[in-house]
Structures are given as C-alpha cells and as structure tokens.
Amino acid sequence: MSSLEEPQNGDRPLLEVRAVKKYFPIRSGLLQREVARVHAVDDLTITVSPGETLGLVGESGCGKSTLGRCIVRLLEPTDGDILFEGRSIAKLNAAKLRPLRRQMQMIFQDPYASLNPRKRVGTIISDPMKIHGIGDKAERKRRVQELLETVGLSPEHYNRFPHEFSGGQRQRIGVARSLALRPKLIVADEPVSALDVSIQAQMVNLLDELQKDFGLTYVFIAHDLGVIRHVSDRIAVMYLGKLVELSPAEELYTRPIMPYTEALLSAVPIPDPDLAEQRERIVLEGDVPSPIDPPSGCRFHPRCRYATGICSEVEPPLVDYGNNHLAACHHPLNVDAATLARVQASEKYTPEEADASALPKDPGKEEAHPVPTAADGNGRDPRRNP
Amino acid sequence: MAERLLEVDGLKVQFATEDGVVRAVDGVDFTLDRGKVLGIVGESGSGKSVTAMTLLGLTRDKNTIFEGEVRYKGQSLLDLPESKLQEIRGNELAMIFQDPMTSMNPVYRVGDQIVEAITTHEDISSRDAKRRAVELLKQVGIPNPERRVDDYPHQFSGGMRQRAMIAMALANNPDVLIADEPTTALDVTIQAQIIELIDRLKDDFNSAVILITHDLGVVAEVADEIIVMYAGRVVEHGGKRPVFYDPQHPYAWGLLGSIPRLDRPRPEKLASIKGAPPSLINPPRGCKFRPRCPHAFEKCHEEPPLANRVEDPGHLDRCWLSVEQKRELREATIRGEVVA
C-alpha cells in the first residue's frame with residue numbers, strides 16, 4: 001500500500017480514498033470468461049480535506065475519470081475503501097447510497113450529452129430535490145430560480161429546453177443541478193474542456209465563487225495543466241492508474257519531482273513566442289502503454305529519459321519529500337541532497353542500492369528550487385535520530 | 001522573395017438556412033507564401049473553419065453564397081468546376097481535420113486509405129503506392145510502418161491516427177497544408193509531438209501551412225503570421241510578435257487574458273470576456289465585438305474598417321480606439337481588471 005498522509009491539524013478529512021483498485025474485466029468466448037483486466041485505477045490512496053480543491057491530472061486513459069466515478073460511487077471499486085466523512089461507502093448498495101448522494105454531486109464534461117433534451121431546465125434542476133423529497137412544488141420552483149441566478153442565468157429560463165442554450169450556458173445548468181441538493185463534495189470531470197477559451201475563464205471563475213459562497217470541496221479532473229493550476233490547492237498526477245505525484249499546487253509547477261510531471265509541464269504550449277522559442281521542450285516518445293498489461297516496475301519507465309535498470313524491476317513507492325509533496329520515482333528531480341538522504345533512509349524506500357549515478361546532475365536546478373525545510377530535513381542525518 | 005501560393009480577397013461565405021442567412025465569413029483577406037505558417041485564431045463560430053473549407057471547395061452547396069476571390073497560384077478557385085478542383089484538392093492543397101477518430105474510414109485499412117489518396121492523383125502502380133504509404137508512415141513517426149500499414153484505424157491510438165491523417169495529407173507533396181485544429185482532440189504530450197511534426201514537415205516538403213486553432217499557445221510556437229477572427233471577420237492581422245506583444249484589438253486582449261498561464265504567477269481571477277459570441281444571422285450593428293467589449297463607446301455603433309493604425313505597416317486591426325488609448329488600456333484588460 002502506498003503512503004497515507006493524515007492532515008496535521010487533526011481535522012477529519014472529508015474524503016479518504018484508501019488503496020482503491022478498479023479493474024474492468026475483459027470477457028471473451030462462449031462462456032464469457034474473463035481473459036484480461038483493464039487496470040484503470042491501481043492501488044491509489046489520497047485524502048481530501050473540507051473546503052479544498054484537489055486537482056487530478058493525467059493523459060487520457062490514466063484513470064482519472066474512473067477514480068472520480070468511484071468517489072461518487074457511480075462505480076464500485078474492485079478493492080480498497082472509500083470513506084466519506086469517516087464512513088465507508090465503497091460497498092454500500094443503492095438504497096444505502098441514496099441519502100449520501102445529497103452530499104456528493106458530479107459535473108460532467110459534455111454539456112450536450114449530460115442534459116436530457118426532452119426535459120425543461122426547471123425539471124432538470126428540480127428533479128434531484130424531488131427525488132430526495134425536499135420542499136413542495138412551489139418551494140422547489142423558487143429554489144430553482146435562485147439557483148439559476150446563482151450560476152449567472154436568468155430565472156425566466158425556467159421553462160426553456162436545453163437546446164435553446166449555448167454550450168457555456170448548458171454547463172451552467174449542469175452546475176445549478178449539482179448545487180440543488182447543497183452538496184459538500186463536487187466531483188467535476190473536465191467541466192471546462194468542451195468550452196471556448198473565453199467561456200472557460202467564465203466557468204472557472206464561477207466555480208471559484210461558488211466554492212467560496214457555499215464552502216464546497218472540489219475534486220477537479222482535467223487534462224489542462226493551466227486550468228488545474230488555477231483552481232487547485234493540491235494536485236495529484238496520475239499515470240496508468242497510479243498516483244505518481246501529489247503536491248501543493250504551486251510547488252508542482254516550480255519543482256516537479258517525477259520526470260513524467262516535468263514532461264507534462266514542458267509540453268504545455270506557452271502563449272508567448274519568445275518564451276516558447278527559448279525553453280527546452282521534453283517531447284515524450286510514443287503513447288501511453290495499455291492499462292491491460294502495464295509495464296513492470298515504474299509504469300512510466302518505457303517513456304522516461306532518466307530510466308535505468310531498477311526502474312523496470314522495482315515499482316517506486318510513493319514517498320514524502322517534505323511539505324506534503326509526494327512522488328513515486330527512483331530518480332527524483334529537483335531534490336536537494338539532504339532531503340534525498342532522508343527519503344532514502346525512510347523505511348518506505350525499498351531499493352537498496354538507489355542508483356544515485358543516474359540522478360540528474362544539475363546543481364543549478366537544485367539551487368533554483370530549494371526544498372522547503374521539512375521538520376527533519378535541515379541537513380542532519382535523520383537516521384542518527386532516535 | 002518566396003513564391004506566392006494563395007491570395008484570398010474579400011472572401012464572404014453565407015449560408016441560406018430556414019432561420020435566415022448565416023454570415024459565416026464576412027470579409028477575409030490574406031496571402032500565403034511558400035514556407036510560411038499562417039495561424040488563424042478564434043472561437044467556435046468565428047468563421048475560421050468555414051474559411052479553410054472554402055479554400056478547398058468543401059462548402060459548395062446550392063444554399064451557399066460566395067463573394068470575393070480565392071486564387072491559388074493565380075488561378076481562381078471559387079468558380080473552378082468541381083472536376084478541376086478535384087485535381088487540386090488533396091494534391092496541391094491538402095487538409096488535416098480536427099477529429100482523428102471520425103476522419104478516417106473505419107472499414108478500410110489505414111494503408112489502403114493512403115494508397116487511395118496517392119493513386120487518385122498519380123498514375124502509379126498500387127505496389128509502388130503502398131511502398132510510398134509505408135515511407136510516409138515512417139516519416140510521420142509511426143513505429144513498425146511495414147506492419148502497421150495493414151492495420152485498421154481502430155487499431156491506432158488517437159495520436160497515431162492523427163499522424164496517419166498527416167501522412168495522407170502529405171501523400172502528394174502538397175504546396176499548401178491546411179490543418180484545422182489538428183491537436184485539439186489530443187493530450188498535451190501528443191500535441192507537442194504533432195506540432196513539432198507539422199513544423200518539421202513544412203520544411204521537408206517545402207510547403208506552406210494554414211494552422212487553424214483556438215489555442216494561442218499553439219500558434220505562438222509555430223506561426224509566422226496571425227489572423228484573429230471574430231464573428232466572421234478578421235479583427236486583427238499581423239506578424240506573430242506584433243500580435244502577441246502589441247495586440248491592438250480588445251478581443252485579442254480578452255483571449256490572451258483568458259488563458260491560465262503557467263509562466264506567470266497565478267492571478268486571483270481569470271480575465272474573461274463577458275457574454276457569448278453573437279448570432280451570425282442577426283449580428284450586432286457596428287463593431288461585432290461591441291456588446292462584449294469593456295471599452296465600447298459611441299463610435300462603435302459604426303463598424304471600424306480593418307486598417308493599419310500602428311507604426312508596423314503589416315499590422316492591421318479593426319478597432320476605433322486610438323493607439324495611445326489601446327496601449328494604456330491593454331495591460332489592465334489582459335489582467336482582468338477592467339470589467340464591463
């Protein structure tokens with residue numbers, strides 16, 4: 001099992017994902033026997049505190065949407081546990097889940113496919129309240145009109161059909177629906193990627209305001225690293241079903257530890273011709289391998305420019321580099337000697353002869369992004385401490 | 001001076017629909033020389049894709065009305081008979097479409113589709129054509145091209161399909177390559193590969209490229225010249241650096257401000273453009289951007305012409321504000337401090 005960090009302040013996390021696995025069986029033949037499995041999410045542990053925004057990034061097929069769907073229990077995890085406010089929800093049946101659905105809502109990617117074209121906007125937004133028996137008809141209507149105003153639409157839109165709205169407006173309807181039950185947690189799966197740039201910015205700002213006004217907690221899934229940085233407090237990077245890096249938002253961009261994160265960041269086009277020309281771009285070779293038969297050891301090793309022998313043999317554990325910055329890599333980047341020594345000394349660090357020879361030798365880079373001083377990371381050898 | 005390949009003059013494209021006439025493209029002018037990359041930037045409905053498809057005669061229909069001129073090496077394309085156009089399309093002007101999942105035929109092998117593109121325009125044996133297809137797949141970076149040439153599109157990943165599309169577009173060594181949002185459906189890592197590929201192939205094949213995108217980051221990497229379109233019109237046109245470092249039109253400022261930048265500190269709030277793009281059936285009177293513009297004033301009820309207003313003679317814009325006013329208002333608008 002990978003590392004499970006507990007919040008220091010003693011607050012109970014809103015959501016705990018514990019060693020969750022989600023495999024999809026591939027069946028074939030007359031008897032529909034299981035011949036293989038898609039390892040969509042593979043042993044992933046993460047916690048989300050109340051009021052925070054956790055960004056989830058990765059390429060298509062990395063399992064970020066599957067994880068989002070497991071969290072709101074649209075999917076049942078194959079293994080592991082999910083705790084919502086301390087209560088296990090991973091194995092609950094539909095009837096027991098229903099009251100919990102009020103607390104967790106989802107915003108979907110495609111504003112065209114996620115609204116029923118034959119229902120009026122009023123019905124779409126009030127249905128969740130009706131299902132949960134909230135208010136009478138008049139109260140619900142008033143509430144829907146309030147919600148429409150909250151998300152920047154007009155209360156008169158109550159009687160219209162989805163096709164009368166643009167993509168951005170539809171996405172606002174989807175947001176209003178997710179807010180109808182006053183949830184605590186919203187899982188937003190690529191909520192802006194189907195929208196035009198100028199509308200994207202409106203949507204991101206709206207979600208920001210709603211979080212402040214209603215004290216929402218977000219799990220924000222996106223592939224756009226610019227949007228993720230803007231909305232997130234912490235960011236989790238996924239690769240082929242694994243959590244490979246977890247970091248406070250800003251630190252991930254200034255000091256990526258995992259080479260995959262470094263490559264992802266360097267691939268983002270910068271809208272500035274001079275900077276675009278100057279910077280070094282790491283172009284990853286090839287595609288993401290198949291999650292049916294993921295590579296051995298570190299799953300990123302076939303595409304990694306730092307990979308050595310150990311990477312294909314031993315799976316790197318997720319270790320804490322201080323300041324709540326976790327990464328799973330045998331050749332961490334942007335880490336100073338003291339932190340590295342501490343990490344290698346920790347019991348979680350399995351490979352005996354960490355091939356330090358392969359570590360990127362770039363002292364300038366280390367100085368450019370000094371590691372924030374962690375409790376035991378200030379140069380002393382932690383192994384000497386009792 | 002490089003050879004002039006394309007000249008577009010006052011191009012207008014209108015579609016007659018049940019709801020009225022859609023003015024999809026309303027006055028676009030540009031020229032394209034060999035070896036150059038022209039970036040056309042705009043949101044959905046700005047007319048950028050219709051412009052590109054019109055160059056290839058893909059918008060021809062009894063309900064379409066064209067005005068203006070499109071000349072390829074001096075030859076007018078708009079009134080060229082379909083049979084003549086077919087000789088040029090795919091041969092001298094080729095297109096890469098946005099969606100690699102739907103732009104290949106799922107029931108034919110990838111190789112056969114490339115072979116078809118070659119044999120349509122060239123008298124060549126199918127064995128030679130197939131050899132060339134393998135060579136092309138190799139050039140666009142498909143591993144094991146000898147084997148993959150016999151695969152069906154569903155056996156390719158999204159990035160590989162887009163590479164195969166590029167191979168198909170390059171099959172006849174076209175002079176002009178039109179890429180319509182070639183990377184939008186792809187992951188950033190694959191997007192980086194494709195942009196690099198287009199940039200390299202442009203030199204290898206000595207062609208010109210029209211790159212259509214909504215992503216200013218993509219044009220910042222490869223374009224030489226940029227056109228910003230809004231509601232069917234060109235609102236700004238100039239070299240890449242002037243457009244990025246001295247943008248003149250408030251819509252261009254809005255676009256620049258809406259992108260969350262990785263190279264800058266995180267702002268409290270993203271600058272956004274209020275409202276939504278206008279209807280192309282009943283566009284607003286005067287400047288089309290007026291209803292969304294934070295700096296609109298009396299004069300904007302009259303449409304400004306696309307004209308040169310700055311020192312750089314190649315830099316045109318369509319805005320009534322004076323150059324001094326623009327330079328004063330610009331930074332705050334891009335930072336999102338000016339809200340209409």
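How close do the axes of helix 3 and helix 5 of chain A come, and at what angle do they cross? Before I answer, please keep in mind that this is a predicted model, in which local features need pLDDT of at least 70, side-chain atom pairs count only at pLDDT 80 or more, and totals for chains, interfaces and linings use all residues. Residues are numbered from 1 along each chain as its sequence is written, while chains are lettered from A and ligands numbered from 1 in the order in which they are written.

The axes, which are lines fitted to C-alpha atoms over the stretch in contact, with angles from 0 to 180 degrees between N-to-C directions, come within 7 Å and cross at roughly 30° for helix 3 (residues 121-131) and helix 5 (residues 167-179) of chain A. That makes helix 3 of chain A roughly parallel to helix 5 of chain A, a term used for angles under 35 degrees. Helices here are DSSP runs of H or I with at least four residues, and strands are runs of E with at least two, numbered from the N terminus.

On the helix 3 side, A:Val121, A:Ile124, A:Ile125 and A:Pro128 meet A:Ile173, A:Ala176 and A:Arg177 of helix 5, where contact asks for C-beta atoms, placed from the backbone, within 7 Å.

Turning to chain B, an open sheet of eight strands runs in the order 6-7-8-3-9-10-12-11 with mixed pairing, and two strands pair if DSSP finds at least two bridges between them. Strand 6 (93-96) and strand 11 (307-308) of chain B stand at the edges, each with a single partner strand, so one side of each is left without a neighbour in the sheet. Within this chain, strand 10 (residues 233-239) and strand 12 (residues 316-317) pair in the antiparallel sense over two bridges, and B:Glu236 stands opposite B:Asp317 in strand 12.

Key:
Parallel < 35°, antiparallel > 145°, perpendicular 65-115°, else oblique. Contact = placed C-beta atoms within 7 Å.
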